[in-house]
Amino acid sequence: MGSEHPWEGILHLVQSPQQYTGREWNSETGPAGRPSVTLVYPDTYELGMSNFGLAVVRHILLATGRFHVRRAFCPAPDMLSLIRSRNLPWMTLDDPVEASDCDLLAFGIPCEILFPNLVMLLGLAGIPLRSADRDDSHPIVVAGGGGLSNPLPLSPFIDAFYLGDAETGAVSLMDELTGGGSRTDRLARSAAQEGVWVPSMGRRRVRWQRAVRLDPADAPVNQVVPTARIVHDRAVVEIARGCTRGCRFCQATQLARPVRERSVADIESIARRSIASTGWEDAGLLTLSFSDFTDLPALLAAVDGLEKELAVNISRPSLRPDTFVRLAGGSGITGRVTLAPEAGSETFRRRLNKDLGDAQVIEAVNAAFRLGATGVKLYFMAGLPGETDDDLRAIADLSSEAARAASRAGRSGSVSISISPFVPKPHTPLQWCGQHPPQELRRRIALVRSMARRFTVGCNDPDAAALEGLMGLGDGTETPCLIEEAVAHGAGFEGWKEHFRRDIWKDCAEEHPALLERLFSGLDPSSDPEWSFVEAGSSVGFLREEYARFLRGEATPDCRESGCNGCGACDGIAVPALRPESADRAPSVRSSSGLPSKAQRPVAATLRIRFGRRGLSRFTSQLDLTRLWMRTARRSGLPVALSAGHVTRPRLRFGPALPLGFESTGEYIDILLCESSSTDLPLDRGLPLPEGFFVTGARLMDGRIPSPEGEAGIAVYRISDLVSAPDAAGLLEGAGGLLAMEPDGNDGIRITAVLGEPASRPDRLLAAMTSARGGPVLVKRVEILGERDGCPVPLLSMHEGVDLF
Ligand code: SF4
């Protein structure tokens, strides 16, 4: 973001401004001058940056070297209203340009609830909402992702859909769409590709694309490390894709089948390279069904080894209740354990093809508490087809039994349950079923709540669930109109409880009674749903048979255990067999004592670093700065001393915090090291800091010294070009702690002030000057001084040592 960025003058007015400044570590964009692709996640930065699909697509596009790839996210509501009120453009995050300034605008859609946001963003970008109204002056609008198994509701807005695993055909689609010829020519050529649907060319059968194997080269190792806070702030290592358990309400088990696994050696290598590249202190293993990984003992052993060697925490996905007890073994557990019985009674679980006994659930709860869990959360659904009040009572009974187990373990009150309204999903055996209206769902949830004695009940919003159903099961004509109307009335951010405009959706949906009728009544099971032109996974015939089994209460075994059930998804992909005996040999789920301890890496030296920040990095908060330095220290390869305990962190000590909006050349951090030799430090190429941050000095000192915060006494600031010295004098008159104020060059003043003196706190100075000027003022902290032998000296010179920079 340069000084001319249209949003620069409003960043001080929004929450978490760092989410708009970009330039994070690993945020390269590929060669300039190449066809430009803007990857859009139609929600905020904190959610979009947590989306693994976006990371994969970005990685495979950059790996070709043929595209200039930018990211763009939906501005948060406070920023969005400022942009609109000031008529500012929606900007990309990387190499900022207007979001419409690209060859391809490519949306990632992991779930249907984001459909309205996509339409809202097209409007924000100034692009005609409907594909038919665009011409060669507009970017081609592409969409892909797991939320598009029924792409019909978005079909008037999208020029080309890519349906399936990105690794298989996303790059060739991008090549085709950025090749020669008119927009119409390019779309026509791409329409012939596997997995591509161009709505303007008419409807045809499109097969959901599947990667035959998970190629290590496609794993996004150099993931962007956010500076701002995000939801899943960690390296992600996908260990397997797909699940063939076949829960009948679950869309993922149909779309992502069959199962494809990485080898343990590949997983280890990807995890090691990801952590080295990013400096993340946490990593997560991504799969739909962790318990089913074929060689789980070897995987768990490898993960334990990596945690010890790299001093990171690697979280394992949650486990099925029936495997939890066996896999937990003798290990310790920290925090809360989540289990998903989904339905209250064994009978109903069998209908859902989740063959899990009550005893197994309670045994898992007992095991969780025995092993040290602080709480247990149980996930259920309400409003399932054919569900009776007795089934809802069974939820309360099972939860009460879990609460009694908690009491026996001395953990009274530590069981909670979460109830999600059932939403029928396309391409599942329950796709023909109707969804209960919100008022009926509320009654069912209230019934469970009325029986809750020793457990707490949370639930998802029934109105939001109805919208999810309307979007997911929508058609290609009326649903797009509904979306347009709601967006025109101000809808957006439907995934956010606090921003969801149920009033707008209620009013608009009432104008489309046929859509509501279809959602609540369900479809004729003898007919193929409208979205069946997408061959997304299991065949319609298989789904229909599964629906019949649901009605009869019959289970269908996992094809990894029993052999192929004929769903039709494999198409030549080999399916690894389940090896349940592996689980019996499994080591612990979580090693609680293997991480490097303080004693293993004692402090031998202190590396004091003076650093600065310029430009938009001045909007980095102190909390964000702490994370930034933790990751910089890790990826630097320095022999960093680590904190003790279960969660290890590099031992860092910061100088006085800098207020948001200040630039600096005089900030301080001490990195405690467990080696003291300056010649062995890997600093020949400097420190791996994100753009905007720079080092202005570093000194290595033996042992441990007082922290920079404790040694700091005085700070020197420079205020640039915006107020005259007399103006500033007026503003600062009477400010306690002000030691000196003098002109600094032609356009600035220099202020020396005692740190910690309330009246001269730099943020107050900034606020006073900003308000006097009527706009943001640029302030820089130049240096911090301490006292040595009775004289003020920069903190860098407080102790004898070896200067490294
Ligand atoms: S085709 Fe057969 S083996 Fe493949 S996922 Fe379907 S049921 Fe399993």
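This is a predicted model: local features need pLDDT of at least 70, side-chain atom pairs count only at pLDDT 80 or more; totals for chains, interfaces and linings use all residues.
**The whole protein**

Begin with the entire protein in view. It holds 25 helices and 27 strands, and 58% of its 805 residues are buried. Among contacts with a separation of 6 or more, 77% involve residues 24 or more positions apart.

**The segment before β1**

Select Gln18, which is placed in the segment before β1. Is Gln18 buried or exposed? Its relative accessibility is 5%, and therefore Gln18 counts as buried. Beyond its sequence neighbours within four places, Gln18 is in contact with Thr227, Ala228, Leu616, Ser617, Phe619, Thr620 and Asp624. One of these, Thr620, makes a side-chain to side-chain polar contact with Gln18 at 2.9 Å.

Continue to Asn26, which also lies in the segment before β1. Its phi is near 70°, a positive value in a residue other than glycine. With a relative accessibility of 13%, Asn26 counts as buried.

**Helix α2**

Next, select residues 52–64, which form helix α2. At the start of α2, a side-chain oxygen of Asn51 comes to within 3.3 Å of the backbone nitrogen of Gly53. The end C-alpha atoms of the helix are 19 Å apart; at 1.5 Å a residue, its 13 residues should span 18 Å, so the two values agree. The buried residues of α2 are Phe52, Leu54, Val56, Val57, Arg58, Ile60, Leu61 and Leu62. Which elements do they pack against? Displaying the surroundings shows β1 (36–41), α1 (45–48), β2 (68–73), α5 (166–177), β8 (235–238) and β11 (282–286). After the helix comes Gly65, whose phi is positive, near 70°.

**Helix α4**

Move to residues 115–124, helix α4. Here 9 of the 10 residues are buried, so the helix is largely enclosed by the rest of the structure. The buried residues are Phe115, Pro116, Asn117, Leu118, Val119, Met120, Leu121, Leu122 and Leu124. Just after α4, select Gly126, which takes a positive phi of about 75°.

**Two loops**

Select Arg257 and Pro258, which are joined by a cis peptide bond with omega of about 0°. Pro258 lies in the loop between α7 (252–255) and β10 (260–261).

Then go to Phe493, in the loop between α16 (478–488) and α17 (502–510). Phe493 is not a glycine, although its phi is positive, about 60°. This residue is buried, with a relative accessible area of 5%.

**The ligand**

Centre the view on the ligand, which is surrounded by 11 residues. The closest are Cys559, Cys564, Asn565, Cys567 and Cys570. What kinds of residue make up the shell around the ligand? The shell divides into 7 nonpolar, 4 polar and no charged residues.

**Strand β22**

End at Arg718, found in strand β22 (residues 714–720). Arg718 counts as buried, because its relative accessibility is 18% and the cut-off for buried is under 20%. The side chain of Arg718 makes a polar contact of 2.8 Å with the side chain of Asp744. Apart from residues up to four places away in sequence, Arg718 touches Asp744, Asp747, Gly748, Ile749, Leu778, Val779, Lys780 and Val782.

Methods. Residues are numbered from 1 along each chain as its sequence is written. Side-chain values use heavy atoms; hydrogens and water are left out. Helices (H or I, at least four residues) and strands (E, at least two) are DSSP runs, numbered from the N terminus. Buried means under 20% relative accessible area, exposed over 50%, partly exposed in between (1.4 Å probe, protein chains only). A polar contact is a pair of N or O atoms within 3.5 Å; within protein, one must be able to donate a hydrogen and the other to accept it, and residues adjacent in sequence count only if both atoms are side-chain atoms. Contact means heavy atoms within 4.5 Å. A residue is near a molecule or strand if one of its heavy atoms lies within 4 Å of it. Ala, Val, Leu, Ile, Met, Phe, Trp, Tyr, Cys and Pro count as nonpolar, Asp, Glu, Lys and Arg as charged, and the others, Gly among them, as polar. The expected span of a helix is 1.5 Å times one less than its number of residues.
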